[in-house]
Amino acid sequence: MARKRLTQLFPFLLPLRIWQRNLFEHIKMRLDENRYACRFGETPEYEICAAKTAVINENSGMDIIYQKNKAHNLKITSKTMNRIIIYPGETFSFSFLSKNSHRYGRMKDGLILIDGKLTARKGGGTCHLSNMLYLLFLMSPLTVTERHGHGVKSFPDPDGSELDGIDATVSEGWLDLRAKNETDGIYQIEITFDDKYMYGRILSDTESDAEYAILNENVRYERENGELYKYLSVVRTETDKKSGRLTKKERLYDERLLIAYDTTL
């Protein structure tokens, strides 16, 4: 049996532990060698990539209010990084920017994964934003330097069309999503919403010769010790914009996801 953490034995200590971790993480970020993106600016001319994702998922199996609260939390968090400029040599950090979300409103209870179980917590659901940003980074010349997968698929996609293995869990003080601009170009993140979707784009002052796409391949399901797992490969293709010719295809990594909802498979 796995040894329980002190905060699992004494939950009232959790807020103190979170405060401690956040403090240490912010001190470490001030002392490390990264220059973190923190400036906002006008929209550059060229669109590098774009994505959209449904905000409300009615397949969660829990009260729909948590999905509506998630949408509220996403809009607040997005304000900390919408139109952020990533200059050459700078690093985008989700945690570095999202720590300022309190300036834009109060978070509501949304769903987060704790010890493998969905739980309602203040600010829950913001991983939906980091998931989309991670996909955008993979479709751009930016270099992902930190990403952590959930390892669990908690409920079905809203319409069954979402990619798997393109998730990036974030937890301030513990887990971050980071991407570095190792090019000579300037990049900007743009995030917008309508009634159903969250939209993301990465723009640049330099037009890209290549277009990237992310795919799932080698998908299979296996049962292990009574649990259902999904195995897959995350693949990126590169296409020359002018000729439309596929110039590169590479397997980025393999994923193993626990399917944590009832399925007919």
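Predicted model: local features only at pLDDT ≥ 70, side-chain atom pairs only at ≥ 80, totals over all residues.
Student: What makes the contact between Glu90 and Arg39 a salt bridge?

Tutor: A salt bridge needs a side-chain nitrogen of Lys or Arg within 4 Å of a carboxyl oxygen of Asp or Glu. The N to O distance between the side chains of Glu90 and Arg39 is 2.7 Å, so the pair counts as a salt bridge. The structure holds 17 salt bridges.

Student: Why is this pair said to link distant parts of the chain?

Tutor: Glu90 lies in strand E5 (residues 90-93) and Arg39 in strand E2 (residues 39-40), and the two are 51 residues apart.

Student: Why is Glu90 called buried, and why is Arg39 called partly exposed?

Tutor: Buried means under 20% relative accessible area, exposed means over 50%, and partly exposed lies in between. Glu90 has a relative accessible area of 3%, so Glu90 is buried. Arg39 has 43%, so Arg39 is partly exposed.

Student: How do you know that Asp157 and Lys153 form a salt bridge?

Tutor: Their side chains meet at 3.3 Å, N to O, and the cut-off is 4 Å, so the pair qualifies. Asp157, at 16% relative accessibility, counts as buried. Lys153 counts as buried as well, at 11%.

Student: Which residues are linked with Lys153 and Asp157 in a network of salt bridges?

Tutor: Asp164 and Lys230 belong to that network together with Lys153 and Asp157. Lys230 is in strand E14 (residues 227-240).

Student: What makes Lys230 buried or exposed?

Tutor: Lys230 has 10% relative accessibility, and the limit for buried is under 20%, so Lys230 is buried. Residues that Lys230 touches include Asp164, Val219, Glu255 and Leu257. The side chain of Lys230 also makes a polar contact with the side chain of Tyr221, at 3.5 Å.

Student: How do you know how enclosed helix H5 is?

Tutor: Of the 12 residues of H5, 11 are buried, so the helix is largely enclosed by the rest of the structure. Among them are Cys127, His128, Tyr134 and Phe137.

Student: What span should helix H5 have, and what do its end C-alpha atoms show?

Tutor: The expected span is 1.5 Å times one less than the number of residues. For the 12 residues of H5 (residues 127-138) this gives 16 Å, and the end C-alpha atoms are 16 Å apart, so the two agree.

Student: Where does H5 lie relative to the strands?

Tutor: H5 lies across E5, E8 and strand E10 (178-180), and runs at about 135 degrees to E8. The sheet has 4 strands in the order E1-E5-E10-E8, is open, and has mixed pairing.

Student: Why are strand E1 and strand E8 said to stand at the edges?

Tutor: Strand E1 (35-36) and strand E8 (143-146) each have a single partner strand, so one side of each is left without a neighbour in the sheet.

Student: What makes E1 and E5 paired strands?

Tutor: Two strands pair if there are at least two bridges between them. E1 and E5 run parallel and are joined by 2 bridges, so they pair. The bridge partner of Tyr36 in E5 is Thr91.

Student: How do you know that E12 pairs with E3 and with E11?

Tutor: E3 (residues 46-54) and E12 (residues 197-204) pair in the antiparallel sense over 8 bridges. E11 (residues 187-193) and E12 are also antiparallel, over 7 bridges. At least two bridges are needed, so both pairings qualify. E11 and E12 form a hairpin with 3 residues between them.

Methods: Residues numbered from 1 in each chain as written. Heavy atoms only, no water. Buried < 20%, exposed > 50% of the residue type's maximum accessible area, 1.4 Å probe, protein only. Polar contact = N/O pair within 3.5 Å; in protein donor to acceptor, adjacent residues only side chain to side chain. Contact = heavy atoms within 4.5 Å. Axes fitted to C-alpha atoms, helices over the stretch in contact; angles between N-to-C directions. Lists of a residue's contacts leave out its neighbours within four places in sequence.
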